[in-house]
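Dear colleague,

Please find the structure below, handed over for your files. My notes on what was found in it follow directly after.

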Amino acid sequence: MTKVSWFSQPFPPEGASVAEGIRNQLGRPELDLLTILIRESAQNSWDARLRHRPQPVDYAISMWTVSPAHAGAWRELLLQSAPPNEHLPIRQSLKPALIRVMAISDRGTTGLRGPTRADKAVTKDHDFVSFVRNVGEPRDTELGGGTYGFGKGIFYLISRPGTVLLHTRCEVDGGYETRLMGCALWNSYVADEPGGPTRYTGRHWWGDVSGEVVEPLVGAEADDMARQLGLRPFGPGETGTTVIVIDPDLSGREPSVVAAYLAETISWHLWPKMLEASVGDGLPAMRFSVTCDGLDYPVPDPHKTRPLNLFVAAYEAMHGPDGKVLECYKPKKRLGRLGLIKRPAPALEATDASRMVEIENTVHHICLMRPAELVVTYRPGPKPSSEYQHYAGVFRADPEMDETYARAEPPTHDAWNPQSLDYPESTFVNTTFRRIDEALAGLLDLGGGVRGGAAKIALGAASTRFSSLIGGAWGVGGATAYSKPGSTDSGTAGGQGGGGIEGGTADRPATDSTTPTGGAGKGGGTGPNLARRRRPRVEYIGDPYHGERFGAPVLIQEFRLPVPGSQLVRVDLAVALVGASGRETDPPLNAEMPTLIGWEDASGSLHEIPSCHITGGDGLIWRAIIRPARDTMTEIDIITDPVQAS
């Protein structure tokens, strides 16, 4: 007859692992516990996927307050025979009026299959004993994300009383079996027993204690107990695992705040599993959800979320013809494949999740991953000189190198440490970093230039304060260093800069009308000395900024015409590009380009014409009103032509 109770493990004569040792196996990670929870649990779920039936793995995190209808069962079933508080503080978590739990679940996985006793001789499919009983077992999943079973300790660290429930369903002898068991890790201790003081490991299990070894509840008994606790039942033919963390430690944050953080963290660390066409019918490898008290907290789509879309593009480049194969030449070994992309983009607004991977306002990182395509870390490269230049890369290890990179990882799988390896494996990892750096050197032009050699670069500072207003449409233009207030920079000579005798186009001059302009005209015959004797035709008033006209987002560039007389003003607009290609004036098919809406005079009247006659020398401020192309940086170059008297 089944008897449900707690069992506390005494030290056997041959010794055993103590609870403190298991809880501390993650060391002192740099990532926070919630991030590690996602990484470790999702990795376990991926390794447990059903390989014979390709389908997405459904991974979910749910937090809720146990309803009054089920709270009594939690207290009655789990506290009746619980150890004293000083040995396991579960009573402190279950006796208050509100009981909080967090469930991490997967479906489309094998469940915790295999024997339930550790002394059964099996060489594979021993997931249950690996999670529940054993510590540090080597992985038996080829190209799996995990290495040794240390990561399970995170579930206990997240729980205030160090206690979890395991609710799993797996295939057994051609049928399905539900299993339910409680597990706890706290501290080792000595207790006074009738036979004298007895040492205990600090490991506890809740389950069927009617036999010589505590076992999980199985079959109909497990299903009935799960219903009493209000746990989600398994559907017909459904397998998987739910780990219920009792009284999760949220570090004083509101559950809703934590739910939003978890959703974003999933995207940062698991985005490769969210890409389409990873399994049959174009579906992603994994599907993710986060709920809190019945409310959904959507997991950001990496295709549409900055800056993860940069890493998605780099991932696609890695798979495409531009992907690079990285090799070590001595000893000869193929290391993996690298994809790199660079893009101009607005500065980022850092979030708690992005700061956790040390990405602030600029992306200059390479995402490292093994063949399982789980993010290991974001390795920083040289930081661009401008916060509007970004680059991203993805390196995926070659399958034959998987064991090498796995051995270079700490228990949290969030770094590759070559110093932990022997030769030649240490050489392979060091060479990987060196090859990545070499590829970056060939990719990057980090000097900040967009139109190399031209005097009218318009890559000034962009405001992102109106991001909610403009909905992703943004642009950059305006003054460069030598056209800002107080600047004495004369710009660059050469190229089709403005302000030369024959040129008719405007430089990016200093605000002070007496400041030299620099640059050569179209004819190329003007030199620096002659340029210094000319006043700039266009005086830019600061950088462009975002605004709104007619209910639509716009870019606004303010300017004056310091030279007296009537002048015809027009604008040259382009999409700024990073690198040698410079700028884009001919859009790809169906692509947007920035367009001029009109010219706004000092009174606020808008002249909706492509070019406008303006009288200079009167000190009045005009505004060029521009509609930017979405997700681009816009170059704005205002050009003047003198109006000849008739």
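In the sheet region, C328 stands opposite K333 of strand β13. Strand β12, residues 324-329, and β13, residues 332-344, pair in the antiparallel sense over 6 bridges; two strands count as paired if DSSP finds at least two bridges between them. Helices (H or I, at least four residues) and strands (E, at least two) are DSSP runs, numbered from the N terminus.

This is a predicted model, in which local features need a pLDDT of at least 70 and side-chain atom pairs count only at pLDDT 80 or more, while totals for chains, interfaces and linings use all residues. Residues are numbered from 1 along each chain as its sequence is written, and side-chain values use heavy atoms, with hydrogens and water left out.

**Confidence**

The protein chain has an average pLDDT (the predictor's confidence in each residue, from 0 to 100) of 80, and 78% of the residues score at least 70. Residues 142-149 have a pLDDT below 50, and this stretch makes 32 contacts in the model beyond near neighbours in sequence; contact means heavy atoms within 4.5 Å. Over residues 446-533 the pLDDT also stays under 50, with 210 contacts beyond four places in sequence. Where pLDDT is low, the predicted coordinates should not be read in detail.

**The mixed sheet and its helix**

An open sheet is formed by 5 strands in the order β12-β13-β16-β14-β15, with mixed pairing. β12 and β15 (375-380) stand at the edges with a single partner strand each, so one side of each is left without a neighbour in the sheet. From one strand to the next, the twist averages 25°. Helix α12 (residues 425-443) lies across β12, β13, β14 (364-369), β15 and β16 (389-397), and runs at about 35° to β13. Axes here are lines fitted to C-alpha atoms, for helices over the stretch in contact, and angles run from 0 to 180 degrees between N-to-C directions.

**Cores**

The largest nonpolar core has 74 residues, and those with the most contacts inside it include Y59, F155, W271 and F311. Such a core is a set of buried Ala, Val, Leu, Ile, Met, Phe, Trp, Tyr and Cys residues joined through side-chain atoms within 4.5 Å. Buried means under 20% relative accessible area, exposed over 50%, and partly exposed in between (1.4 Å probe, protein chains only). Helix α9 (residues 308-319) gives the most to this core, with 9 residues. A second, separate core of 28 residues includes V66, V101, L217 and L231. Leaving out residues up to four places away in sequence, F155 touches L37, S41, N44, I104, F131, V164, V243 and V245.

**Helix α8**

Of the 16 residues of α8, 12 are buried, among them Y261, I266 and W268.

**Strand β21 and its partners**

β21 (residues 595-600) pairs with β24 (residues 622-627) in the antiparallel sense over 5 bridges, and I625 in β24 is the bridge partner of G598.

**D58**

D58 lies in strand β2 (residues 57-65) and is partly exposed, at a relative accessible area of 29%. Beyond its neighbours within four places in sequence, D58 is in contact with S105, D106, R107 and R287.

Yours sincerely
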